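Please look over the sequence and the structure shown here before reading on. The paragraphs that follow lead through the model step by step.

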Amino acid sequence: MKTAAFPFLKTMDDFEFDFQPGINKKELLELNRMGFLDKKENILFVDSSGVGKTHLATAIGITCARSRVSTYFVSFESLITQLKKALMENRLESRLKFFAKYKLLIIDEIGYMPIDQDSANLFFQLIAKRYERNSTIITTNTPFSKWGEIFGSPTLANAVLDRLFHHSQIVSIKGPSYRLREKRAFFESQAEE
Ligand SMILES: Nc1ncnc2c1ncn2[C@@H]1O[C@H](COP(=O)(O)OP(=O)(O)OP(=O)(O)O)[C@@H](O)[C@H]1O
Ligand SMILES: [Mg+2]
């Protein structure tokens with residue numbers, strides 16, 4: 001649990017499924033039973049801000065870590081920074097191995113900032129190393145059709161997506177932001193005016 005570096009300790013029990021009816025609770029509880037790990041499947045959480053992507057990814061990660069599955073949580077930005085630094089310091093291979101070895105790697109917030117092609121290439125190398133060997137969970141607020149813009153290269157985006165998609169479950173969360181739930185009445189009254 002300690003080495004996994006979760007951003008917060010929130011579990012499936014802490015998630016209010018009633019607030020987000022667009023989510024299939026059964027599907028999420030099934031994912032939380034960890035069957036995806038044996039099949040080396042990936043889970044891709046996609047959609048707008050505050051709908052619970054990071055919460056659910058973390059919750060599944062906590063379940064895995066508690067079952068002694070080697071698990072690591074990293075933001076996309078930090079991952080890219082670390083890989084770039086390793087490349088400059090001539091130790092890319094060992095850094096790639098570090099991220100590739102985890103049975104479950106959670107990469108949070110892909111697409112919140114665009115990256116250059118060299119960085120996209122480093123990311124591709126990691127995904128290629130993990131492909132069909134270990135499971136990866138990603139969260140993104142950028143529709144997959146726009147990933148070419150994040151990576152500055154449609155070809156690289158396709159190569160990454162192809163590998164992520166092949167054995168995967170996509171959880172698309174359409175719904176209101178939980179962060180703004182208390183502000184909703186305010187927004188609604190504004191809209192009426
Ligand atoms: N249905 C829910 N029940 C309980 N807490 C929730 C729910 N949805 C979101 N939250 C909480 O709201 C906050 C925002 O959720 P989260 O960080 O998972 O959003 P996100 O989809 O990752 O958003 P972003 O794209 O901005 O990163 C977190 O503190 C999370 O625990
Ligand atoms: Mg998030």
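Is R181 buried or exposed? R181 is exposed because 12 other C-beta atoms lie within 10 Å; by the criterion used here, a residue is buried if 20 or more other C-beta atoms lie within 10 Å of its own, exposed if 12 or fewer, and partly exposed in between, with C-beta atoms placed from the backbone. This is a predicted model, in which local features need pLDDT of at least 70 and side-chain atom pairs count only at pLDDT 80 or more, while totals for chains, interfaces and linings use all residues. Residues are numbered from 1 along each chain as its sequence is written, and chains are lettered from A and ligands numbered from 1 in the order in which they are written.

R181 belongs to the loop between β5 (168-172) and α9 (184-192). Helices (H or I, at least four residues) and strands (E, at least two) are DSSP runs, numbered from the N terminus. Apart from its neighbours within four places in sequence, R181 is in contact with F19 and P176, where contact requires C-beta atoms, placed from the backbone, within 7 Å. The C-alpha atom of R181 is separated by 35 Å from that of S70, 111 residues apart along the chain.

Five strands form an open sheet in the order β2-β3-β4-β1-β5, with parallel pairing; two strands pair if DSSP finds at least two bridges between them. At the edges are β2 (71-75) and β5, each of which pairs on one side only. From one strand to the next, the twist averages 15°. The strands β2 and β3 (residues 104-110) run parallel and are joined by 5 bridges, and S75 has D108 in β3 as its bridge partner.

Strand β1 (42-46) is largely enclosed by the rest of the structure, because 5 of its 5 residues are buried. In a regular strand the side chains alternate between the two faces of the sheet. In β1, N42, L44 and V46 point one way, whereas I43 and F45 point the other way. On one side, β1 is joined to β5 by 5 parallel bridges, with N42 opposite S168. The pairing of β1 with β4 is also parallel and has 4 bridges, and here I43 stands opposite I137.

Helices complete the picture. Helix α8 (residues 154-166) lies across β1, β4 (135-140) and β5, running at about 100° to β5; axes are lines fitted to C-alpha atoms, for helices over the stretch in contact, and angles run from 0 to 180 degrees between N-to-C directions. The axes of α4 (residues 76-88) and α5 (residues 92-101) come within 7 Å and cross at roughly 150°. These two helices are therefore roughly antiparallel to each other, a term for angles over 145 degrees. Among the residues that make this contact are L79 and L83 of α4 and L92 and F99 of α5.

Two loop residues deserve a look. M34, between α1 (25-31) and α2 (35-38), has a positive phi of about 70° although it is not a glycine. K40, in the loop between α2 and β1, has a positive phi near 55°.

Finally, of the 18 residues around ligand 1, S49, G52, T54, H55 and Y178 come nearest; a residue counts as near if its C-beta atom, placed from the backbone, lies within 6 Å. Helix α3 (residues 53-66) contributes the largest share of this shell, 3 residues.

Note on methods. Two residues are in contact if their C-beta atoms, placed from the backbone, lie within 7 Å. Angles under 35 degrees count as roughly parallel, over 145 as roughly antiparallel, 65 to 115 as roughly perpendicular and the rest as oblique.
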